[in-house]
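These notebook entries record what I looked up in one structure. I kept each entry brief and in the order in which I worked.

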Amino acid sequence: MDNFHQEDSDICLHSNENLNEYWGSIAPPIVQTSLFAFENWDSFLKGITSERTNYVYTRGVNPTTEILEKKLAELEKGEKCKCFTSGMAAISSTIFSLVEANEHILFVNNVYGPTVSYVKTLGKFNVDYTQIFINDESEIEEYITDKTKMIYIESPSTMNFDVLDFSKISKIAKERNIITVIDNTWATPLVQKPIEHGIDLVVHSLTKYIAGHSDAVGGAVIGSYDMVDKIFEIGHQFGGGVISPFNSWLILRGLRTLPQRLYYQMNTVKMVIEYLKDNKKVLKINHPLAFEGKAKEIYEKQTNGYTSLFSVEVDFKNYEELTNFMNAFKVFKLGVSWGGYESLAISPNYNNEANHRGLEEARQSKNLVRIYLGLEDSTTLLDDLKRAFKVLEG
Ligand SMILES: *Cc1c(COP(=O)(O)O)cnc(C)c1O
């Protein structure tokens, strides 16, 4: 289960890098340009017939960004990928480009909060949505209406770590001509490839594991040529969320070491989960290594490995204990996001009424702590976690 495909490593390192096109340079050039000039009027006229395939303007295709796009499409087993300036740009462009006025979007279980908030704003175009929490995929059918255009999922979700069966969901959707979209940021294409299980489109925040160094923001959508081309036209060319060639280059550099980073982090997470399983203050661990029953079965069927972001429910007596716990960390930083080199901890509990209502809606415990294990030495991280749990003793 822990072995990445050999071909994925080759894609991260070498594929789509045509060194002879740029003087044998091992690192691809950052083609930091807004436009591309043509030799004569005829070639100009030919070029502009297709701004989504020819180098015309960087709001279309850019050679540096294109290398990243081709690698991501290969990794996810999709026909085409388009990169965006952020994960949210990729997500909002995907939804805006494919969903029409008066149509309906179904969110299954928790997804990234701003995605739902974005869809709320589409209410002005009479785009409706429902967010459902289910125990079995067949329950989805009850909530599908004749207006449902898209089923949007995240599995595992990145606070509760709920798991959904891709092939069951895609079967239900395909029978009704509904588009399925998954946010695959947590797993990365190395750990799971939802398109192989029938999901239509995969979206990513490249900001997390793929860039991997907490220094660049980016996003991507991958899927069939036709769907991604439509998102490219409406969401990218008209929406305009263009990633800078420099950020594409940084993300390409991060992608090269993704298999090695994840491999290292898998070992760290294994060790940490073992410690947490024996810790009496831990009420629940939300990570594939602690899955049981149906979640474990589904997960193992469609996924190959795991990553190092998870959450735990801690037996805090009160909010003060939560505060003391968070303040005890010396190595873990307190901050949003994840996937970089530095370990992070947060709690979704901000201890105010609106926040607690939100937690209830999202079915999240007030005692949840989300932990991201970065690239620090595993013993250093374990010692820091022990330091935090020590404040709960006595
Ligand atoms: C961070 C994140 C996003 C949004 O990506 P940005 O690059 O921050 O816009 C979407 N989904 C998940 C699961 C994320 O963690």
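Entry 1. I began with strand β2, which covers residues 104–108, and looked up its pairing with β3. The two strands run parallel and are joined by five bridges. I note here that the model is a predicted one.

Entry 2. I then asked which sheet holds this pair. β2 and β3 belong to an open sheet of seven strands, and its order is β1-β7-β6-β5-β4-β2-β3. The pairing in this sheet is mixed. At the edges I found β1 (80–84) and β3 (128–132), each of which pairs on one side only. From one strand to the next, the twist averages 20°.

Entry 3. My next subject was the ligand. Where does the ligand sit? I found the ligand in the largest pocket. There are 14 residues around the ligand, and those that come nearest are G87, M88, D183, T207 and K208. I also looked up which element supplies the largest share of this shell: helix α4 (residues 87–98) does, with three residues.

Entry 4. A polar backbone atom of G87 is 2.8 Å from an oxygen atom of the ligand. For M88 I likewise recorded 2.8 Å between a polar backbone atom and a ligand oxygen. With S205 the side chain is involved: one of its N or O atoms is 2.9 Å from an oxygen atom of the ligand. On its own the ligand has 380 Å² of accessible area, and the protein covers 90% of this.

Entry 5. Most peptide bonds are trans, and most residues other than glycine have a negative phi. Is the peptide bond from S155 to P156 cis or trans? I found it to be cis, with omega near -5°. P156 lies in the loop that runs between β4 (148–154) and α7 (166–174). The other loop, between α7 and β5 (179–183), contains N177. Phi of N177 is near 60°, a positive value although the residue is not glycine.

Entry 6. Which residue of β12 stands opposite A345? I recorded I371 in that position.

How values were computed
Residues numbered from 1 in each chain as written. Predicted model: local features only at pLDDT ≥ 70, side-chain atom pairs only at ≥ 80, totals over all residues. Heavy atoms only, no water. Pairing = 2+ DSSP bridges. Helix = DSSP H or I, 4+ residues; strand = E, 2+ residues; numbered from the N terminus. Axes fitted to C-alpha atoms, helices over the stretch in contact; angles between N-to-C directions. Near = heavy atom within 4 Å. Polar contact = N/O pair within 3.5 Å; in protein donor to acceptor, adjacent residues only side chain to side chain. Areas by Shrake-Rupley, 256 points an atom, 1.4 Å probe, with all protein chains shown as cover. 1 Å grid on protein atoms, 1.4 Å probe; cavity = no way out; pocket = protein on both sides within 12 Å on 5 of 7 lines; lining within 4 Å. Sits in = over half its atoms within 2 Å of the grid points.
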